[in-house]
Amino acid sequence: MSQPATAYSRTYYDLLEALPQPDCFVCRLVDAAVRQYIDMFIYENITNLARREEIRLARGFCSAHMAMFMGGYGRLLSLAMLEQDVTNDVLRQIDRAMTNPLTGGMHLGTWLHSADKSIREAILPGRPCPLCDYEKSQERVMLGTLLQFIDDPAMAEAFEHASILCLPHYYTALGMHGIPGLTHRLEKLIAKEQQGLKQLKLDIDEYIRKRNTLYRDEEKAQEADAPTRAARVISGRIVHTDGRW
Ligand SMILES: [Zn+2]
Ligand SMILES: [Zn+2]
């Protein structure tokens with residue numbers, strides 16, 4: 001497992017920059033990290049056979065990561081090569097399942113049932129999406145670095161101005177371990193999150209209240225973008241295929 005930074009690492013400075021920006025800072029940093037990882041893989045002209053083997057076994061990427069992979073210029077040839085790996089393997093395994101001869105005494109219905117089962121096994125991913133794995137390891141590096149440096153003056157100042165974590169990353173943060181003084185560090189995170197969630201709830205209430213026809217003419221304030229902000233808090237980041245945040 002990836003370890004949090006132990007010195008003023010790149011992640012430390014990335015956090016200082018990302019914390020004051022809108023929305024969950026882990027989502028923002030993870031999104032950039034995954035896009036860089038994809039760029040590097042394509043830059044290597046997908047010659048990394050170990051990576052290709054992972055993708056073939058995983059039956060491609062999950063839907064969100066496939067959207068990210070497709071969201072860049074000049075990627076279709078790389079994409080086609082990965083798709084060739086997956087479809088070749090799926091077809092080879094399905095063919096094997098289909099050509100199993102009827103064994104003596106086996107009813108056609110029984111054979112079909114067993115072929116269905118074999119085909120399902122051929123399609124089933126043999127491992128999780130490799131980009132999900134990478135993303136999870138990056139989340140822990142970022143949250144670990146934040147918790148480790150949460151009392152550092154520059155980090156505390158940036159954290160003061162940060163938006164709250166999305167619920168999936170809040171869940172991950174609360175499951176972190178192996179950091180000295182973790183309980184005290186998490187208390188700071190919990191206090192901020194609780195306050196932020198309460199404010200978000202007020203903004204949603206206010207948005208709904210103003211949508212009521214009686215109040216429609218009232219001027220919009222900070223609740224105007226509450227539904228999209230809340231979507232990112234509840235579901236984590238929203239992946240756009242054109243690469244925008
Ligand atoms: Zn997040
Ligand atoms: Zn994924």
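These are my notebook entries on a predicted model of one protein chain.

**Ground rules.** I number residues from 1 along each chain as its sequence is written, and I letter chains from A and number ligands from 1 in the order in which they are written. Since the model is predicted, I take local features only at a pLDDT of at least 70 and side-chain atom pairs only at pLDDT 80 or more, while totals for chains, interfaces and linings use all residues.

**Confidence.** I looked up pLDDT, the predictor's confidence in each residue, from 0 to 100. The protein chain averages 89, and 91% of the residues score at least 70. I keep one caution in mind: where pLDDT is low, the predicted coordinates should not be read in detail.

**Elements.** I found 11 helices and zero strands in the protein chain. Helices (H or I, at least four residues) and strands (E, at least two) are DSSP runs, numbered from the N terminus.

**Overall form.** The radius of gyration, taken over C-alpha atoms, is compared with a globule rule of 2.2 Å times the number of residues to the power 0.38. The protein chain has a value of 24 Å, well over the 18 Å that the rule gives for 245 residues, so the chain is more spread out than a compact globule. Along the principal axes, the C-alpha atoms fill a box of roughly 75 × 55 × 40 Å.

I call a residue buried if 20 or more other C-beta atoms lie within 10 Å of its own, exposed if 12 or fewer, and partly exposed in between, with C-beta atoms placed from the backbone. Buried residues make up 22% of the 245 residues. A nonpolar core is a set of buried Ala, Val, Leu, Ile, Met, Phe, Trp, Tyr and Cys residues joined through C-beta atoms within 7 Å. The largest one has 34 residues, and those with the most contacts inside it are L15, F25, V26, M142 and L165. Helix α2 gives the most to this core, with eight residues.

**Contacts of L165.** Two residues are in contact if their C-beta atoms, placed from the backbone, lie within 7 Å. Leaving aside neighbours within four places in sequence, L165 touches C24, V26, Y170, A173 and E193.

**Helices α1 and α7.** Their axes (lines fitted to C-alpha atoms, for helices over the stretch in contact, with angles from 0 to 180 degrees between N-to-C directions) come within 10 Å and cross at roughly 80°. Angles of 65 to 115 degrees count as roughly perpendicular, under 35 as roughly parallel, over 145 as roughly antiparallel and the rest as oblique; α1 and α7 are therefore roughly perpendicular. T11, Y12 and L15 of α1 meet V141, M142, T145 and L146 of α7.

**G196.** I located G196 in helix α10 (residues 182-211). It is partly exposed, with 16 other C-beta atoms within 10 Å. Beyond four places in sequence, G196 is in contact with S163 and I164.

**Positive phi.** Most residues other than glycine have a negative phi. D23, in the loop between α1 and α2, has a positive phi near 70°. D23 is buried, with 22 other C-beta atoms within 10 Å. R59, in the loop between α3 (49-57) and α4, has a positive phi of about 60°. R59 counts as partly exposed, with 18 C-beta neighbours inside 10 Å.
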